[in-house]
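Subject: Structure for your review

Dear colleague,

Please find below the structure that I am handing over to you. My findings follow it.

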Amino acid sequence: MFVNGGDVTVIYLAGMSGENCCRSGGNMLIAVIIFVVLLCIGMPVGMVIAISSLSYFFTADFLPIGIAFQKFSAPTQSFPILATPLFLLVGNLLNKSGVTGRLLDFARVISGWMIGGLAQINVLLACLLGGVSGSATADAAMQARVLGLPMVARGYPKAFSAVVIAFSSLITATIPPSILMILYGFVGNVSIGKLFMAGIFPGLLLTAILMLTNYLLARKMNIKPETASLPGRQEVWRSFKESFWALMFPVVLIVVIRLGIFTTTEAGAFIVLYSFIIGRYIYKALDNAVLWEVLKETINDVGVVMLLIMSAAILGHITILDQIPQQLAETILAFTENKYGILFLLLTLIAVAGMLFDGSVIILLLTPILLPIAIEAGFDPIHFGMIFVVLTLLGANTPPVGICMYTVCGILNCSSVAFVRASLPYLIAFLSFIILLVIFPQIALFLPSLLM
């Protein structure tokens, strides 16, 4: 019997006998073995997830293979997930429209007088760019070229420069529109608009913590400010006017969602138009040749991300069939029933996974498993999502995968061993940030509660 739509899951779950449930455990083991083998030989992660998930259905004679392809195609028909390609397009449009240079000038005026010089400018620029690129790796690569190389040329230690750039890119996970937030909201059925608003205060807090860390280390290393004195009002006003349309991007995004003018997906389409008008007619940097490059880059980005999303949809269905969330919850409860003890175990699992996989892969794979456990323990899905998304990116700056770490070290020609040693103060600062989010959930929940 084959049923269209999501009801087929319920029918097969209800109809699975005890024997079939036991057999499904063996099928899951085969899928896990195939997953590990394909990952070890270097196959792209999207293909690894798709092939290993399909193997479950090929070895399970109690499930028709049609269900797998149904789940694979389902995300392409989802209206909320349309926000992902739209915001990827926005990021590429703004990055090619002269926005980065204007935000860099503004960051230099605002923070160049602080002890730490270019390191402080780097963190503030990352905060301003969080709502533009939506990608930690993209931010890290861009800033390594724009600010990292000048930092090294001016005598900043390579490892210090690389660590500042890599850890400041983590701010991208919080400031809207975070692609990881969109994925978490889609997979976990959580309001993406509320997630966007929840990320603003944590993003500003993380910016302040990293700038304080820069200050303490810069004083120890005797790093001078970039500018000799505080900027004058006219200088700040001039820089603000030149950066106005770029700075208004996250503001416009939040306003149109908060006022109910657009849904998150519709806001993505509106912001695409906004970005095009800025680049084409205000900054006059988006000619036809540049626009063509933007579209080509976006097609490549969308292809990679959508393959991950579609493949993860099959794997998510398998976790439901094998009742993995329930089994994991029982295992955790065997250790502790304290809500913070449960959260600690969940965050430990996320941190370990972050050392092995890209953030988007972790969000897609673990959200269906961990979110129900967190909600059952008494945590708000918005609060948990903020901690979850930020923590997944920490692995981008730690071995063995460390995408941001290797990207920045490659551009700056810095040893990864030196990077790890220099990152210890920033790891402490970042973990302090996570602890504050756990202890004070209103840091994330205040704006969504107030505005929505």
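A residue counts as buried when its relative accessible area is under 20%, as exposed when it is over 50%, and as partly exposed in between. Please note that the model is predicted.

With these limits, Trp245 is partly exposed, because its relative accessible area is 34%. Phe244 is also partly exposed, at 28%. A pair of aromatic rings is described by the distance of the centres and the angle of the planes. There are 13 aromatic pairs in the structure. In the pair of Phe244 and Trp245, the ring centres are 5.2 Å apart and the planes stand at 80 degrees, so this pair is edge-to-face. Both residues belong to a cluster linked by ring pairs, together with Phe106, Trp237 and Phe240.

The rings of Phe384 and Phe388 form a tilted pair, because their planes are at 40 degrees, with the centres 5.6 Å apart. These two residues lie four residues apart in helix 19 (residues 381-394), so about one helical turn separates them. Phe384 is buried, with a relative accessible area of 1%, and Phe388 is buried at 0%.

Lys339 is placed over two rings: its charged end is 5.5 Å from the ring centre of Tyr340, and Lys339 lies 4.6 Å from the ring centre of Phe379, over its face.

Finally, the axes of helix 3 (residues 45-58) and helix 15 (residues 288-321) come within 8 Å and cross at roughly 35 degrees. Their crossing is left-handed. The residues of this contact comprise 14 nonpolar, four polar and no charged.

Yours sincerely

Conventions:
Residues numbered from 1 in each chain as written. Predicted model: local features only at pLDDT ≥ 70, side-chain atom pairs only at ≥ 80, totals over all residues. Heavy atoms only, no water. Axes fitted to C-alpha atoms, helices over the stretch in contact; angles between N-to-C directions. Left-handed = near helix turned anticlockwise from the far one by under 90°. Nonpolar A, V, L, I, M, F, W, Y, C, P; charged D, E, K, R; others polar. Phe/Tyr/Trp six-rings, centres within 6.5 Å; stacked < 30°, edge-to-face > 60°. Buried < 20%, exposed > 50% of the residue type's maximum accessible area, 1.4 Å probe, protein only. Lys NZ or Arg CZ within 6 Å of the ring centre and 35° of its normal.
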